[in-house]
Amino acid sequence: MTDLSMPRTRAQGTAGKTALRWLLYVLLGLFALYYLMPLFVMVTTSLKSLEEIRTGSLIALPRDVTLEAWKTAWSSACTGIQCEGLRPYFWNSVLIAVPAVILSTLLGALNGYVVAQWRFRGANIIFSLMLFGCFIPFQVVLLPMARLLGLMGLAGTIPGLIFVHVIYGLGFTTLFFRNYYVTIPAELTKAARVDGAGFLRIFWSIFLPLSLPIVVVTVIWQFTQIWNDFLFGVSFSQAGTQPVTVALNNIVNSTTGVKEYNVDMAAAIIAGLPTLLVYVVAGKYFIRGLTAGSVKG
Amino acid sequence: MAPILDIKNLYKNYGATEILKDINISIEPGDFLVLVGPSGCGKSTLLNCIAGLEPISGGTLSIGGKDMTHVSPKDRDIAMVFQSYALYPTMSVAKNITFGMKVRGVDQATQDAKLKEVASLLQIEPLLNRRPSQLSGGQRQRVAMGRALVRDPKLFLFDEPLSNLDAKLRVEMRTEIKKLHQTLDASIVYVTHDQIEAMTLATKIVVLKGGVVQQIGTPAEIYNRPANLFVADFMGSPAMNLIPARVQRNGTSTQVAIARAGGDPIVLTDTRDLHLPEEVILGLRPEDIAEAGFRAGAGVQEAACLVDMVEPAGADTYVVSELGGKQVTARLHAETSAQAGQMLNLAFDMSKVSYFAKDTGERLN
Amino acid sequence: MAPILDIKNLYKNYGATEILKDINISIEPGDFLVLVGPSGCGKSTLLNCIAGLEPISGGTLSIGGKDMTHVSPKDRDIAMVFQSYALYPTMSVAKNITFGMKVRGVDQATQDAKLKEVASLLQIEPLLNRRPSQLSGGQRQRVAMGRALVRDPKLFLFDEPLSNLDAKLRVEMRTEIKKLHQTLDASIVYVTHDQIEAMTLATKIVVLKGGVVQQIGTPAEIYNRPANLFVADFMGSPAMNLIPARVQRNGTSTQVAIARAGGDPIVLTDTRDLHLPEEVILGLRPEDIAEAGFRAGAGVQEAACLVDMVEPAGADTYVVSELGGKQVTARLHAETSAQAGQMLNLAFDMSKVSYFAKDTGERLN
Amino acid sequence: MSEWLENHLPKVVLAPSFIAVLIFVYGFIGWTAWVSLTRSKLLPKYEIKGFVQYERLFDSPRWDTAINNLYIFGALFIVIAMVLGLALAILLDQKIRVEGFIRTIYLYPMALSMIVTGTAWKWILNPGLGIESTVRGWGFENFTFDWLVNPDFAIYTIVMAAVWQSSGFVMALFLAGLRSVDGEIIKAAQVDGIPTWRIYTAIIIPSMAPIFLSAFIVLAHLAIKSFDLVIALTGGGPGYATDLPATYMYAMAFSRGDIGQAAASAMIMMLVVFAIVVPYLYSELRAKND
Amino acid sequence: EPQAEVLHWWTSGGEAKSVAVLQEEFAANGGTWTDMPVAGGGGDAAMTALRARVLAGNAPTAVQLKGPAIQEWYEEGVLADISNVAEAEGWDKVLPASIAAHMKCEGTWCAAPVNVHRVDWIWANADVLAANGIEMPTTWDEFNAAAEKLQAAGVIPLAHGGQAWQDATVFETVVLGLGGPEFYNKALVELDPEALTSDTMVKVFDQMRTLRGFVDENFSGRDWNLATAMVMNGEAAFQIMGDWAKGEFLAAGKEPGKDFLCASTPGDGYLYNVDSFAMFDVEGDDKRAGQELLAKLIVAPKFQEVFNLNKGSIPARTDVSLDKFDMCAKISAEDMATSSENGSLLPSYAHGMALRGAQAGAITDVVTAHFNSDMSSQEAVQQLADAVANSY
Ligand SMILES: Nc1ncnc2c1ncn2[C@@H]1O[C@H](COP(=O)(O)OP(=O)(O)OP(=O)(O)O)[C@@H](O)[C@H]1O
Ligand SMILES: Nc1ncnc2c1ncn2[C@@H]1O[C@H](COP(=O)(O)OP(=O)(O)OP(=O)(O)O)[C@@H](O)[C@H]1O
Ligand SMILES: [Mg+2]
Ligand SMILES: [Mg+2]
């Protein structure tokens with residue numbers, strides 16, 4: 001376990017070092033401000049009444065804090081005829097996101113493992129092709145995909161949405177894992193092969209445990225992409241299978257109705273909470289030096 | 001019995017570089033084959049080829065009489081200790097060692113027993129719950145050994161398995177490996193740079209140089225009758241003295257003249273019946289040059305030499321003198337009174353001399 | 001002159017485990033300190049502490065008279081060869097070696113010259129454009145050496161730098177390191193498991209066991225006058241014979257009785273003036289037990305012993321016999337006719353004997 | 001049979017994904033290419049009419065703007081997000097006490113739907129509502145920050161928001177990469193006397209080259225596909241000054257019922273990607289192979 | 001049992017309540033309503049979803065569709081015929097002819113109208129006007145004069161949000177105001193190249209440039225309702241926007257005629273934006289029954305009244321009593337009747353009533369580009385013609 005900062009001995013640091021460390025924290029803090037700015041606007045707005053928003057400055061602190069908007073967003077905002085807020089849609093999103101994230105991550109890990117550690121002729125070409133797939137604009141796949149889903153009988157269903165998300169997540173998950181696995185010494189695979197472990201066993205017992213940081217990254221990516229996806233969610237769902245983003249969109253985007261910014265903001269934050277939760281939980285596994293001590297040289 | 005390992009005309013390239021050239025080796029069951037050779041000569045590569053971890057570029061390789069070309073490493077029934085250890089970083093020491101058994105479906109009780117046995121043998125019991133990253137170099141190496149030793153394969157492959165151990169432990173391990181070899185009648189291919197290991201363990205030694213086999217033989221053959229200058233020079237520490245000499249046949253015996261610094265050439269007589277060219281390289285090991293009076297035997301002959309350097313090394317003292325234009329080392333007992341700059345009477349055991357052709361380096365006698 | 005390295009009461013823990021305990025070592029400029037000890041005793045950890053790569057848990061450490069507690073590794077002016085090599089994987093061999101110079105702003109011409117010099121010394125010229133992953137184990141180790149050797153630091157730290165080299169190369173490298181030490185008058189801390197390396201290189205040897213210093217001394221002191229049973233047993237290969245014996249004072253000399261398998265105890269006389277308890281452990285190195293007639297000297301005494309095992313090892317033959325309930329090894333010349341199961345007259349050099357307390361293991365004479 | 005499976009398992013495992021990609025990516029690209037040659041309007045038609053859609057595309061000043069914006073936006077976004085992400089990862093790698101907390105702060109923008117954060121950004125960047133008026137409120141009367149409403153600068157506000165949204169993820173990616181570097185090598189460098197910044201630039205970062213590939217692909221993909229960001233922040237305005245190919249294509253395909261035109265623009269977009277990504281990919285994979 | 005899955009984009013509080021009325025009636029008649037709302041982009045997102053579902057063979061039963069899009073979908077052969085309902089209910093008699101025309105595809109009825117939004121409204125803050133002594137303008141010149149006066153007084157004359165569709169909304173009212181109904185029809189409905197490049201069009205762009213001067217600096221990207229709020233606050237005096245803006249005023253508790261004023265934009269004519277539902281070809285008798293029932297209910301007076309009271313628009317059918325409607329709605333209804341008679345009842349191009357998407361979009365591109373740059377009017381006219389030509 002190495003860190004680039006000086007080893008911390010009993011009494012930490014001299015004056016220069018302390019100053020440097022302060023600078024570091026100040027820098028980190030400044031960036032935190034940059035990142036927090038929009039959240040500040042969103043949170044304050046969500047705590048204001050509509051009246052205050054209409055009359056006051058949009059980016060000022062609320063005069064009277066009210067949680068009304070949050071309540072509305074969660075349980076009574078209209079998303080069409082139903083006025084039950086985001087609540088009913090959460091479950092759809094969970095049903096879509098969780099399996100899709102797990103499947104695409106697992107497949108990506110396997111693919112990356114093959115491409116990085118079991119190179120065969122053409123593996124790089126296959127990898128490049130898969131990777132290039134990341135760039136296909138989703139708008140163009142919408143219509144043919146709709147047709148195929150219809151043919152497969154998956155139109156408007158949750159499995160259909162899972163399928164779509166897995167397919168278009170594969171490029172990225174494979175990319176992430178492959179690029180992580182190429183840095184793992186090939187000797188490990190060799191040792192395990194001699195030990196009698198087969199392809200899958202090596203993957204499961206040796207590589208997966210080594211992959212924590214990249215699993216975190218991949219899960220963060222996939223979960224965010226899938227949870228926040230709107231285009232597929234709106235196109236390949238039907239009444240009853242719509243994900244939370246469609247509900248959020250319905251709350252936020254009214255063309256000719258009265259705009260309730262406070263509810264919009266609260267709804268957006270609520271819709272983002274599961275993703276945030278994933279960040280916090282998964283973040284614990286950003287561990288250093290999993291390969292340490294494995295091979296010499 | 002069919003050879004357990006049979007390598008025929010094996011070639012191995014990395015890209016355009018030929019690493020192994022026309023290797024032919026065969027091992028009978030129970031053989032202990034030690035591979036030696038300079039760093040980078042292809043020893044590890046050869047082990048990798050045997051294990052099936054690197055594809056071979058030519059020739060055939062069979063284990064237990066079965067061609068191995070399309071057999072994957074896990075089906076070759078081999079155990080291997082990697083020069084680079086290759087421990088599983090996320091597993092504890094115990095798991096590193098038992099992983100192979102677990103994969104093969106060995107039952108838990110046997111696993112535990114084996115683990116216990118091996119751990120005690122390798123003196124790593126207190127470390128079983130550690131991760132590889134929390135071990136010292138030598139401890140890692142022992143874990144790597146342990147991973148192989150719990151197995152019971154047709155063939156063991158050891159790649160410098162003791163290089164990071166202290167002398168004491170190394171001796172113990174050596175003994176254990178020897179025991180393992182004898183009790184299990186296991187077949188072993190073993191790479192080492194330690195000459196004593198090679199000598200004491202091997203039933204057969206292969207000397208490799210630049211990917212080409214130089215000599216295959218028993219330790220005694222290799223040591224006493226090196227096939228060429230390279231083997232002569234390579235085996236033995238300090239190395240065999242290789243001294244240019246002129247020979248003259250004299251009846252059935254041979255007169256050998258060696259230039260001497262600060263004097264006339266030494267002339268020594270080899271009583272064996274040899275047919276040699278006029279110019280040869282004469283090979284004589286340091287231990288076959290002793291202080292006069294400390295060596296007895298038929299072929300022993302004495303000559304005074306100028307001592308250039310005296311190097312005490314615990315049990316022995318080495319003395320260096322220039323002969324035939326070369327620095328010639330003699331191994332004297334520790335209590336010698338030899339001093340640099342003085343003349344010293346040395347005893348040469350001419351019955352041990354090897355002769356090599358000056359041009360090809362091949363052995364002549 | 002101030003010591004170049006001064007370690008006082010150094011402690012080092014990993015979590016709750018104490019790895020190094022109360023280490024006190026000081027090195028004068030130009031010293032060549034060799035650290036030896038069993039695998040896992042804390043040698044690498046100590047080097048890491050000296051380099052500043054691991055924080056120390058107690059005590060002080062100064063280099064060149066300056067306290068190093070808050071000095072980062074890069075400012076300590078040291079060069080280090082890692083046991084695990086730690087080559088920069090993305091750089092070619094040449095870059096691995098020159099990178100440090102480049103960063104320090106050494107001009108290109110000097111860099112090239114140094115690189116050339118070191119590469120030829122380490123015999124890695126043909127490899128300069130390779131990546132570390134394309135090298136053999138020994139080649140990697142040499143690159144790691146090269147990285148240190150191009151530097152000109154206050155202190156060199158070498159962690160088993162020759163363990164993966166073949167004997168020949170190792171001897172050459174040893175010579176080079178010795179030369180380096182002499183010409184640059186560099187100060188060196190060197191970890192090795194090779195006893196010959198330790199003996200021939202060191203001006204000072206530190207024997208470590210379980211994180212505790214056992215003895216500090218010159219090679220001769222360590223070899224001839226080990227401070228305790230551990231050092232006695234540890235240094236020398238094969239190890240010193242440690243034989244339980246009863247002693248009886250007889251005027252100014254001492255009678256030593258050793259149980260013998262298949263006969264009465266052997267009684268030997270030590271003529272030195274010693275004051276010993278009745279029960280001791282007697283230490284005598286294998287090379288101080290010779291075949292009768294092959295060893296002369298004041299303290300040499302002969303006794304017939306039953307040969308249990310004969311082990312030829314090239315230049316020597318080892319003979320094992322049970323004495324005092326221990327397997328005692330004697331080093332005989334290669335041509336001995338000794339055979340297992342027979343009685344053999346052995347010559348014991350009693351002037352070389354060390355005595356140790358049975359309970360504490362401390363040296364008595 | 002089982003032996004065959006044994007030896008070919010890696011390929012077998014890769015096969016489904018590969019086939020899926022062939023169908024759902026390359027099949028659809030083929031489909032798009034076909035449609036781009038037709039006069040499809042509301043729904044796809046399959047009667048080939050030649051390159052008329054491409055001619056229309058290149059005649060459109062709006063497409064010109066979109067493509068130019070893509071270059072500006074893409075280059076700035078990728079470079080800034082990459083540099084910032086890496087810098088933050090390195091800073092966070094210095095044994096920061098509250099790493100998890102700060103990391104989440106940097107990451108959270110990804111979590112929130114741009115549909116709404118766009119509104120927040122719009123307010124912040126709007127001179128009358130946001131930063132400009134706030135700073136003026138503090139007494140700096142001459143402070144101007146009106147990029148959002150300035151057609152020449154509006155694209156940079158998109159860059160700002162895009163960097164805000166994505167750099168956290170890039171940071172996470174790099175952080176994972178940093179954490180996979182072998183500690184011994186860093187130690188060796190420290191002893192070699194290499195200053196910390198050089199250790200990063202010369203040793204750690206080069207060994208993370210594959211991670212750079214990941215980051216690059218992610219960012220390039222985001223740049224190419226940035227869509228709801230633009231819609232939410234500027235709606236492509238002022239005028240269509242901040243239009244990007246993705247918004248152009250969406251507008252054609254879905255607001256205007258001009259699928260043939262959308263397909264043509266998609267093809268051009270993919271050509272642009274191809275031209276940028278393929279050389280990089282080639283050098284990256286090649287380096288890995290020798 | 002009648003079934004209907006209804007795709008629509010009415011999701012904000014007031015709108016949703018309006019649709020809920022329909023759903024309740026539908027349920028009261030024994031039907032099951034499945035709601036499939038997709039808001040965003042003025043129905044773009046809903047259209048995206050619709051396309052995917054049609055291709056997947058999973059079309060919703062009823063879809064909120066409007067303008068020429070109805071005919072476009074009809075041409076794709078996916079719409080159902082609801083003529084029997086229309087004929088039974090006598091739609092022809094109660095709907096203004098031009099609105100009825102939108103609901104027919106090649107002579108058969110294929111959609112049911114819900115409401116009529118008037119687009120060419122100008123909203124004003126009563127206090128601000130009074131304070132500056134200004135009357136609601138009836139010509140663009142008056143407007144300009146008033147605006148200059150306001151500007152001098154430090155009031156922003158025109159509250160405007162710089163989004164393409166808002167620019168287009170203003171543009172079409174100017175075309176109508178300066179060119180008159182006939183010119184509007186030629187230029188923005190028939191896309192007559194002569195009209196598009198005429199001097200009148202140049203004048204229209206000149207007026208747009210003038211209007212640009214009456215807008216504050218920070219209008220870019222502003223939501224329409226924030227602009228409305230500016231009028232409410234007295235920060236700005238006028239806003240040109242459809243009658244949904246009224247909803248914002250009312251929601252803030254403002255009274256028409258007292259706090260805020262409504263008037264049609266200068267010039268004759270009436271620009272309508274009619275929401276309607278189209279029925280898609282679906283399998284199953286229950287769904288067909290649902291379609292018929294839905295069509296019937298939508299056009300029935302009860303729903304027309306309730307819905308439009310909520311929504312701020314006026315009923316599509318002319319025989320609904322307006323007693324409960326506010327002053328602005330009444331003006332709207334009156335104007336619709338007169339315009340319908342004299343042929344100045346015109347479809348709004350900016351809201352997708354007049355043109356197909358590609359053409360409307362092409363025009364909007366030029367309008368917004370002109371408004372947001374210093375493009376000359378001549379240039380704009382030229383580009384307009386080119387863009388329209390390029391859009392087929
Ligand atoms: N991270 C760690 N956590 C706990 N114990 C450790 C850690 N690293 C090393 N150790 C233990 O510290 C002891 C000393 O290790 P060190 O590497 O210094 O040994 P060494 O003397 O160099 O041995 P070797 O000759 O085998 O290289 C060992 O017993 C090792 O298991
Ligand atoms: N991937 C590679 N590409 C090119 N050359 C390689 C590669 N791997 C090894 N080599 C070269 O092949 C030769 C043989 O390597 P090998 O590891 O078999 O040597 P070795 O005999 O085990 O040496 P050592 O005793 O130093 O471990 C070496 O010269 C090495 O540089
Ligand atoms: Mg090797
Ligand atoms: Mg060590």
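Residues are numbered from 1 along each chain as its sequence is written, and chains are lettered from A and ligands numbered from 1 in the order in which they are written. In this predicted model local features need pLDDT of at least 70 and side-chain atom pairs count only at pLDDT 80 or more, while totals for chains, interfaces and linings use all residues; side-chain values use heavy atoms, with hydrogens and water left out.

**Exercise 1. Find how many disulfides there are over all chains, and describe the link of E:C105 and E:C110.**

Step 1. A disulfide is a covalent bond between the sulfur atoms of two cysteines. The rule applied here asks for a pair of cysteine sulfur atoms within 2.5 Å. By this rule there are two disulfides over all chains.

Step 2. E:C105 is joined to E:C110, with an S to S distance of 1.9 Å. The angle about the S-S bond is 70°, and the link is right-handed.

Step 3. Check the surroundings, where buried means under 20% relative accessible area, exposed over 50%, and partly exposed in between (1.4 Å probe, protein chains only). E:C105 has a relative accessible area of 1%, so this residue is buried. E:C110 is also buried, at 0%.

**Exercise 2. Describe the disulfide of E:C262 and E:C328, and say where its two ends lie.**

Step 1. The sulfur atoms of E:C262 and E:C328 are 2.1 Å apart. This link is left-handed, with -100° about the S-S bond.

Step 2. The pair links distant parts of the chain, 66 residues apart: E:C262 belongs to strand β10 (residues 260–264) of chain E, and E:C328 to helix α16 (residues 327–342) of chain E. Helices (H or I, at least four residues) and strands (E, at least two) are DSSP runs, numbered from the N terminus.

Step 3. E:C262 is buried because its relative accessible area is 8%. E:C328 is buried too, with 0%.

Step 4. Counting bonded cysteines along the chain, the disulfides of chain E follow the pattern 1-2, 3-4.

**Exercise 3. Describe the interface of chain A and chain D.**

Step 1. Count the contacts, meaning heavy atoms within 4.5 Å. Here 96 residues of chain A are in contact with 102 residues of chain D. Eight pairs of chains are in contact, and chains A and D share the most contacts.

Step 2. Take the buried area, which is the accessible area (1.4 Å probe) that two parts lose on being put together, summed over both. Between chain A and chain D about 9,200 Å² is buried, and carbon and sulfur atoms give 77% of that area.

Step 3. On the side of chain A that touches chain D, helix α1 (residues 15–46) of chain A gives the largest share, 16 residues.

**Exercise 4. Describe chain D by its elements, span and burial.**

Step 1. Chain D has 13 helices and zero strands.

Step 2. Along its principal axes the C-alpha trace of chain D spans about 80 × 65 × 30 Å.

Step 3. Chain D has 290 residues, of which 67% count as buried.

Step 4. Among contacts in chain D with a separation of 6 or more, 68% come from residues 24 or more positions apart.
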